[in-house]
Amino acid sequence: LPALQIYPNPTPDGRLTLRLPDPAAAGTYSAAVETLHGARLRSFSLRLTPALDAPLDLSGLPQGVYLLRLRDAHGREAVRRVVRD
């Protein structure tokens with residue numbers, strides 16, 4: 001998912017927006033928020049389309065660096081680092 005955008009990153013309040021402008025990559029993704037050591041903190045599914053941004057709320061997590069792991073229906077995975085200030 002090279003076109004995946006996550007902003008604002010770093011986030012001061014824990015609220016992020018995911019944008020995927022590539023129509024070929026639109027779909028439902030399984031998502032996980034993990035620590036840098038691989039401990040899974042949250043799991044959920046989300047739908048990404050070019051017409052609709054997806055919100056991600058990390059406000060309940062302490063400040064730190066986390067990994068957002070997205071997996072599509074074909075098993076392809078994208079990992080992005082997000083910073084909660």
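Predicted model: local features only at pLDDT ≥ 70, side-chain atom pairs only at ≥ 80, totals over all residues.

Student: Over how many bridges do β6 and β7 pair?

Tutor: In general, strands of a sheet pair through backbone hydrogen bonds, either parallel or antiparallel. Here, strand β6, residues 64–71, and β7 pair over eight bridges in the antiparallel sense.

Student: To which order of strands does this pair belong?

Tutor: The order is β4-β3-β6-β7, an open sheet of four strands with antiparallel pairing. Its edge strands are β4 (40–48) and β7 (77–84), each of which pairs on one side only. From one strand to the next, the twist averages 25°.

Student: Which strands form the open sheet of three?

Tutor: That sheet has the order β1-β2-β5, and its pairing is antiparallel. β1 (5–7) and β5 (54–57) stand at the edges with a single partner strand each, so one side of each is left without a neighbour in the sheet. The twist in this sheet averages 25° from one strand to the next.

Student: How many bridges join β1 to β2?

Tutor: Three bridges join β1 to strand β2, residues 15–19, and the two run antiparallel. Within this pairing, Ile-6 has Leu-18 in β2 as its bridge partner.

Student: How many helices and strands are there in the chain?

Tutor: The chain has zero helices and seven strands. Read from the N terminus, its elements run β-β-β-β-β-β-β.

Student: How does one read the overall dimensions of the chain?

Tutor: One may compare the radius of gyration with that of a compact globule. For 85 residues such a globule would have a radius near 12 Å, and the chain agrees because its own value is 12 Å. Along the principal axes, the C-alpha atoms fill a box of roughly 35 × 25 × 20 Å. Buried residues, meaning those under 20% relative accessible area, make up 35% of the 85 residues.

Student: How much space lies in the largest pocket, and which residues are closest to its centre?

Tutor: Rolling a probe the size of a water molecule over the atoms shows where empty space is left. In this model, the largest pocket holds about 190 Å³ of space. It is lined by 13 residues, of which Leu-1, Ala-25, Tyr-29, Asp-72 and Arg-76 are the closest to the centre.

Student: Which strand gives the most to the lining of the largest pocket?

Tutor: β3 gives the most, with three residues. Both β3 (27–35) and β7 supply at least two residues of that lining.

How values were computed: Residues numbered from 1 in each chain as written. Heavy atoms only, no water. Pairing = 2+ DSSP bridges. Axes fitted to C-alpha atoms, helices over the stretch in contact; angles between N-to-C directions. 1 Å grid on protein atoms, 1.4 Å probe; cavity = no way out; pocket = protein on both sides within 12 Å on 5 of 7 lines; lining within 4 Å. Points joined across faces, edges and corners; volume = space filled by probe spheres on them. Rg over C-alpha atoms; globule rule 2.2 N^0.38 Å. Buried < 20%, exposed > 50% of the residue type's maximum accessible area, 1.4 Å probe, protein only.
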